[in-house]
Amino acid sequence: MARAERGWQVPLAVLGPRGATLTAAGALLASHGRTVEEASDKAEAELAALLGHLALRLRIGRFQAAALHLLPPALTALRHRHPDADVSVVDVASGRGADGISAGRLDLTVVASRGTPLAPPPHIRAHPLLLVRDRETQ
């Protein structure tokens with residue numbers, strides 16, 4: 001309180017025998033404080049709603065074989081766990097998936113790599129989903 005009074009250069013409360021009472025300046029600032037607190041609570045609630053909505057958005061890039069064999073069971077499981085999720089799936093050439101993530105157009109991508117292991121940029125993590133051996137190398 002003393003710090004606020006120094007900052008505003010006006011007494012905000014008066015000490016009396018039964019405790020402190022707000023001065024007119026103190027009452028004025030207190031009413032604005034309630035307004036600021038209400039606005040802050042509202043902003044916090046709106047931000048939480050926005051972040052919750054963003055967290056339920058998933059943009060997936062995929063190549064044709066992944067669309068046919070890998071994604072349907074994964075998307076079905078996702079729908080059961082998060083029925084409100086906003087999921088979109090777009091065709092992406094395997095070599096271009098990381099570009100879509102880097103540009104912010106995709107959240108994840110399923111790509112194919114034959115022979116040469118993937119080398120994504122450092123800000124992207126790659127996780128092998130399925131390893132298929134060539135019949136010639138078996």
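Predicted model: local features only at pLDDT ≥ 70, side-chain atom pairs only at ≥ 80, totals over all residues.
Visitor: Over how many bridges do β3 and β4 pair?
Guide: Strands of a sheet pair through backbone hydrogen bonds, either parallel or antiparallel. For β3 and β4 the sense is parallel. Within this pairing, I60 stands opposite V89 in β4. The number of bridges between β3 and β4 is 6.

Visitor: Which residue in β2 does A13 stand opposite?
Guide: Strand β1 (residues 13–16) and strand β2 (residues 19–22) run antiparallel and are joined by 4 bridges. The two strands form a hairpin, with 2 residues between them. Opposite A13 stands L22.

Visitor: Which residue meets R62 in a salt bridge?
Guide: R62 lies in strand β3, and its partner lies in strand β4 (residues 86–91), so the bridge ties together parts that are 29 residues apart in sequence. The N to O distance is 2.1 Å. The partner of R62 is D91.

Visitor: Are D91 and R62 buried or exposed?
Guide: Buried means under 20% relative accessible area, and exposed means over 50%. D91 has a relative accessible area of 57%, so D91 is exposed. R62 has a relative accessible area of 15% and is therefore buried.

Visitor: How many residues apart are R59 and D107?
Guide: The side chains of R59 and D107 meet in a salt bridge, at 3.0 Å from N to O. This pair links distant parts of the chain: R59 is in strand β3 (residues 57–62), while D107 is in the loop between α5 (97–102) and β5 (108–109). D107 counts as partly exposed because its relative accessibility is 34%.

Visitor: In which helix do K42 and E46 both lie?
Guide: The side chains of K42 and E46 meet in a salt bridge, with an N to O distance of 4.0 Å. They are 4 residues apart, about one turn of the helix. K42 counts as exposed because its relative accessibility is 55%, and E46, at 49%, counts as partly exposed. Both residues lie in helix α2 (residues 24–55).

Visitor: How many salt bridges does the structure hold?
Guide: Among them are the pair K42 and E46, the pair R59 and D107, and the pair D91 and R62. The total for the structure is 4.

Visitor: Which residues make up the largest nonpolar core?
Guide: This core has 5 residues in all, one of which is V110. Leaving aside residues up to four places away in sequence, V110 touches G61, R62, F63, A66, L70, L71 and L129. The members of the core are I60, F63, A66, L71 and V110.

Visitor: Which element gives the most to the lining of the largest pocket?
Guide: The largest pocket has a volume of about 1,400 Å³. Its lining consists of 42 residues, with V111, A112, S113, L118 and L129 nearest the centre. At least two lining residues come from each of β3, α3 (64–69), α4 (71–81), α5 and β5. The most, 4 residues, come from α4.

Technical notes: Residues numbered from 1 in each chain as written. Heavy atoms only, no water. Core = buried A, V, L, I, M, F, W, Y, C linked by side-chain atoms within 4.5 Å. Buried < 20%, exposed > 50% of the residue type's maximum accessible area, 1.4 Å probe, protein only. Contact = heavy atoms within 4.5 Å. Pairing = 2+ DSSP bridges. 1 Å grid on protein atoms, 1.4 Å probe; cavity = no way out; pocket = protein on both sides within 12 Å on 5 of 7 lines; lining within 4 Å. Points joined across faces, edges and corners; volume = space filled by probe spheres on them.
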